[in-house]
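Please describe the strand pairing and the helix packing of the structure shown below.

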Amino acid sequence: MYSEKVMDHFSNPRNVGEIQNADGVGEVGNAKCGDIMKMYLKIDDGIITDVKFKTFGCGSAIASSSMATELVKGKTIDEALGITNKAVAEALDGLPPVKMHCSVLAEQAIKSALLDYSKKNGIQIKGLENFD
Ligand code: FES
Ligand code: FES
């Protein structure tokens with residue numbers, strides 16, 4: 001049912017934790033399942049230089065957030081905004097259909113952290129206009 005990559009990122013999640021004085025912090029939740037994902041970004045010159053996460057949720061949510069942190073690290077803000085939940089799920093070699101919403105949480109956590117960054121710095125990030 002779960003790919004080896006999902007199992008790997010669930011049992012050995014990358015970039016778990018918090019970043020003190022993060023440049024952007026995002027927190028999202030899924031009302032239906034009650035799972036919560038928090039993402040911390042360090043951004044230097046428009047590049048995401050560090051990222052950490054904490055997820056209170058199911059295995060797929062943990063694997064999705066772990067993979068999402070790997071995908072955004074070293075990326076520009078624009079590139080990070082382009083990371084869809086489908087890309088996260090594909091990078092995990094797929095998720096069961098009932099678990100796709102866990103990857104949506106990861107996409108939203110990235111966007112929520114970038115929105116926080118944009119607010120803190122009084123800048124507008126193209127592509128986040130409709131996200132809040
Ligand atoms: Fe049980 Fe998310 S609600 S795992
Ligand atoms: Fe809700 Fe995985 S079951 S995030």
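## Strand pairing and hairpins

Gly 29 has Ile 36 in β2 as its bridge partner, in a predicted model where local features need pLDDT of at least 70 and side-chain atom pairs count only at pLDDT 80 or more, while totals for chains, interfaces and linings use all residues. Residues are numbered from 1 along each chain as its sequence is written, and chains are lettered from A and ligands numbered from 1 in the order in which they are written. Strands (E, at least two residues) and helices (H or I, at least four) are DSSP runs, numbered from the N terminus, and two strands pair if DSSP finds at least two bridges between them.

Strand β1 (residues 24-29) runs antiparallel to strand β2 (residues 36-44), and 6 bridges join them. The two form a hairpin with 6 residues between them, and in this turn Gly 34 has a positive phi of about 85°. Strand β3 (residues 47-56) is likewise antiparallel to β2, with 9 bridges joining the pair; here Ile 43 stands opposite Ile 48, and Asp 44 stands opposite Ile 47. The hairpin of β2 and β3 has 2 residues between the strands, with Asp 45 in the turn at a positive phi of about 50°.

## The sheet as a whole

These 3 strands make an open sheet in the order β1-β2-β3, with antiparallel pairing. Because β1 and β3 stand at the edges, each with a single partner strand, one side of each has no neighbour in the sheet. Neighbouring strands are turned by 15° against each other on average, direction ignored, where axes are lines fitted to C-alpha atoms, for helices over the stretch in contact, and angles run from 0 to 180 degrees between N-to-C directions.

## Helices against the sheet

Helix α5 packs on the sheet, touching β1 and β2, and its direction makes about 140° with that of β1. Helix α2 lies across β2 and β3 and runs at about 175° to β3. Residues are taken to be in contact if their C-beta atoms, placed from the backbone, lie within 7 Å.

Helix α5 (residues 100-120) has 21 residues and reaches 31 Å from its first C-alpha to its last, close to the 30 Å expected, a span defined as 1.5 Å times one less than the number of residues. Gly 122, with a positive phi near 60°, follows α5.

## The contact of α1 with α2

Helix α1 (residues 4-11) and helix α2 (residues 59-72) pack at about 85°, with their axes 8 Å apart. That angle makes α1 roughly perpendicular to α2, a term for angles of 65 to 115 degrees. Val 6, His 9 and Phe 10 in α1 meet residues of α2 including Ile 62, Ala 63 and Met 67.

Definitions and conventions:
Parallel < 35°, antiparallel > 145°, perpendicular 65-115°, else oblique. Contact = placed C-beta atoms within 7 Å.
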